[in-house]
Amino acid sequence: MKDSRLIAFEILYEINKDSAYSNIAIDKALNAYEIKDKAFISSLVLGVIERRITLDYLIKPYLSKKTKPKVMLILYIGAYQLYFMDKVPSSAAINTSVELAGMTGVAYYKNLINAVLHNLDNNRIDIDALEDLSVKYSVPQNLINFWSKMYGVDRCLEILSVINSKAPVFAVPNRLFVDEEELSYELLNSGVECETDGELVKLASTFDLKALKPFKDGLFHIQDKSSYECAKALEAKEGDTVLDVCSAPGGKTFTIAEEMMGKGSVYAFDIHEHRVKLIEQGAIRLGLNNIIARVNDAESFSDDIPKADGILCDVPCSGFGIIRRKPEIRYKELDSIKELPKLQLRILETSSKYLKEHSRIIYSTCTLNKRENENVVRAFLEKHKDFKLLKEKTSFPSESGGDGFYFAVLEN
């Protein structure tokens, strides 16, 4: 069986080399092997990514010069285990990292790796006591400044305090078959630790959910709590025609279709064929025959799309609300997201043309950035006086709650 730390190294190396998304790279690698330590590998990979700034701070004092990327990656893996994985003994963290050097073609650096990691272990720093917030939370200073200016220092500190915590996982009961109490019972019988949380079921154990009988039977889908609240705000009814213009992978689509009790039509669109297939597969598993999944460019108006009683417009965004799930997002250059509001406004304007009179459209993102959120909605309302704002909400990530998320409910 392939060494778990070697697999973690290979995933991280691919992410660094190809700028791959962490969740996709992890899923691809873990599906390729019969592995017992999937949770350990996933935690190690995501941890090294999210704590990179902190790890650099710890390691750099013991390096006299820049070293090879592979060596640096091994040091990250060792240092992360020493500081953030309490169940791994120091000796195991150090010795396995030295062994990794031999497995990855950098055996010459074994002594260096051994020395650096022993120094880290012998001269421990209390990270929680650090005054430098960027190092303490491993968040670039420019993002900290950005949030502080946009939401205030206190709110920024609240975000930072949970940004490296494990994001809760919620199961949405398929109302065609079960409610939250019944789903909780089915999951507990399948060995999944869980508890009801309002209309949802919060899962304490989440690996290999797809292998569970309740999953195969279509009794639930996974969706963040904040995203679920957004989908519910559309208030879709049985018999409605609803559009989800940027649907994949389909969580909000499924919630809306279930709210409609499988009646009416939910048109789910994405610009990529392979992502449309994900929606189709999910709809089949859940027994939702009222979902029609198609390829469509949300920026361009199409005469083939019907007028709708409700529209969900969950636009592409910077993703700053889901950093707990995709830690690499924190390292985005802020300049790289400057053009997003223009794209988002174009999608909202195009989508609004499909709406029937006296109906609702929801604009939403999974980011914490007023330029992509409130400012886009204000710009739309300024140009479209026939629309009014019914409700808007920004959710901030919390230990037990959902992700960072924004949605606005508009009506014509």
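Visitor: Is Arg325 buried, partly exposed or exposed?

Guide: This is a predicted model, in which local features need pLDDT of at least 70, side-chain atom pairs count only at pLDDT 80 or more, and totals for chains, interfaces and linings use all residues. Residues are numbered from 1 along each chain as its sequence is written, and side-chain values use heavy atoms, with hydrogens and water left out. Buried means under 20% relative accessible area and exposed over 50%, with partly exposed in between (1.4 Å probe, protein chains only). Arg325 has a relative accessibility of 28%, so this residue counts as partly exposed.

Visitor: Which residue forms a salt bridge with Arg325?

Guide: A salt bridge requires a side-chain nitrogen of Lys or Arg within 4 Å of a carboxyl oxygen of Asp or Glu. For Arg325, the closest N and O atoms of the pair are 2.7 Å apart. The partner is buried, with a relative accessible area of 4%; it is Asp403.

Visitor: Which residues are linked with Arg325 and Asp403 in a network of salt bridges?

Guide: Side chains of opposite charge can pair when their charged atoms come close. The network that holds Arg325 and Asp403 also includes Asp224 and Arg324.

Visitor: Is Glu180 buried or exposed?

Guide: Glu180 forms a salt bridge with Arg175, their closest N and O atoms being 2.8 Å apart. Arg175 is partly exposed, at 24% relative accessible area. Glu180 has 19% relative accessibility and therefore counts as buried.
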